[in-house]
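Morning, everyone. Please look at the screen.

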Amino acid sequence: GPLYDSTAYTQCKEHPEKALYGGGVLFNFNKGIIGIAVEDGITSSYNYNMSSSLVLYNLTHDTIYSFSAWLRIEDLDSVMIRARLETENETYNCIGTVLAKRGCWSFLKGGFVLNYPSNSSTIFFQNTDGIDVDNIDIASPSLQPFTKQQWRINQQYIINTKRKRAVTIHVSDTNGRKLQGASVYVEQISKDFPIGSAISKTILGNLPYQNWFVKRFNAAVFENELKWYATEPHEGKVNYTISDQMMQFVRANKIIARGHNIFWEDPKYIPAWVLNLTGTQLQSAVNYRIRSLINQYKTEFIHWDVSNEMLHFDFYEQRLGPNATFHFFEAAHESDPLATLFMNDFNVVETCSDVNSSVDAYISRIRELRQYGVFMDGIGLEGHFTKPNLPLIRAILDKLATLDLPIWLTEIDISNTLDQDTQAIYLEQVLREGFSHPSVNGIMLWTALHPNGCYQMCLTDNDMNNLPAGDVVDKLIEEWQTGHVEGVTDEHGSHSFYGFLGEYRISVEYHNRTTSSTFSLCRGEETRHVTVTL
């Protein structure tokens, strides 16, 4: 089957690039309008269509379709364009978006999976109000189908090449003579890729919950206990007792943790006393919040979500001016310079129907902050899904990856409007998409356990028995680790294997002699060679 093309563009270009996959099933796209492009002295032509729609024929259900096109507008300076798919049976309101600009070409990338086959379907290019955009040019459209098996093979190819690496163990004596027939035992003792979950204060003193968590996860995030309303519900009365105890649990079990969050822009989650502050009083309060929180936990958290959900809300910028967010990032970086500072928002990968958090809106905000010199180092994608659109998730990750910043899926869960078995099916799909994208550096689940359940999705019941989603997590954690490797050195005194990235312990036996050591397996294109001397 076809190899997935992760190519993406986020800059508006004078000329469109060639269609991905040669256009896929749209390979014969030709409307007779010819554009001429000259680049590096080479002249080439491209076809484009002056229309606000594309007609597709004979689409099959359960096929994964990756869609892309270059778009250009003439009448407006810029407009957010949404691709909407209509079939005989149903409408998909958004299969991809792009912020198009006047006089240059912008790249839209997305995709869809049909619930029913379609003889004739139409992709409409509309503004966010659902109105067709006039005077729009379409170039290099591509529609590439993948079967579910082909999609899984592509995922596994990336996992094999980016999450794993070849290792060759060489065994010799102290004189350098290679030893054939030595027994080699290799065990992965830690994983490079962080997979974790939110925890809450309910884990404190709950030994079964703690044991269940530590057995599976190497990363954690505090669900609510670091938020301003939790640490300072009343002005001047700061209390880190609970978060300190949670951090002690994290430290004791050698788990990394994300700092969530310094500020939350949604007024519903801002302390009531802060809502009444303005001007210098509010500025003084936010300055103290940053100093107090980070001084308490400097170097403890690998990340800070600095200004949570700032694509949807702007309480502090309304009160303190348009530079407020810049000052938050600047102060956080000065206070904890080794922590990675994140934006974190919802409806970026979950859907493309939310105009506030489209992939281009996210990218525009990052670039805007960069102009102010913001030390913003990470992309946080919450991931509160109902039914995931797999090719859309992959396309959005491709576009974000062009920024060369670490991407984390920070709050993954599946809506509780679905039954537990369906939650588990969709959770596995999302986790496989994240783990198989080379620019995703970590995955966090939003599954902190409470006596009355979880935010949307639980992994276990209150007796720590796995629910279907928990079984999925266990299956994938086992699948994505090397486990034990045993072998015997060949005539060259070597033994080779493929292993997931991480830390390893190796033991070698030869004629009643044994030795042990450790080695690291980090990302790289070349085989990792480890020499053991007996």
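I'll go through the disulfides one by one.

A word on the source: this is a predicted model, where local features need pLDDT of at least 70, side-chain atom pairs count only at pLDDT 80 or more, and totals for chains, interfaces and linings use all residues. Residues are numbered from 1 along each chain as its sequence is written, and side-chain values use heavy atoms, with hydrogens and water left out.

A disulfide is a covalent bond between the sulfur atoms of two cysteines. Here the cut-off is a sulfur pair within 2.5 Å. How many disulfides does the structure hold? Three.

Start with cysteine 12 and cysteine 104. Their sulfur atoms sit 1.9 Å apart. The link is right-handed, with 100° about the S-S bond. Cysteine 12 is partly exposed at 26% relative accessible area, while cysteine 104 is buried at 15%. Buried means under 20%, exposed over 50%, and partly exposed in between, with a 1.4 Å probe and protein chains only.

Next, cysteine 94 bonds to cysteine 352, S to S 1.9 Å. This link is left-handed, at -125°. Both cysteines are buried.

Then cysteine 454 joins cysteine 458, S to S 2.0 Å. That link is right-handed, at 110°. Cysteine 454 is buried at 18%, and cysteine 458 is buried at 16%.

What pattern do the disulfides follow, with bonded cysteines counted along the chain? It is 1-3, 2-4, 5-6.
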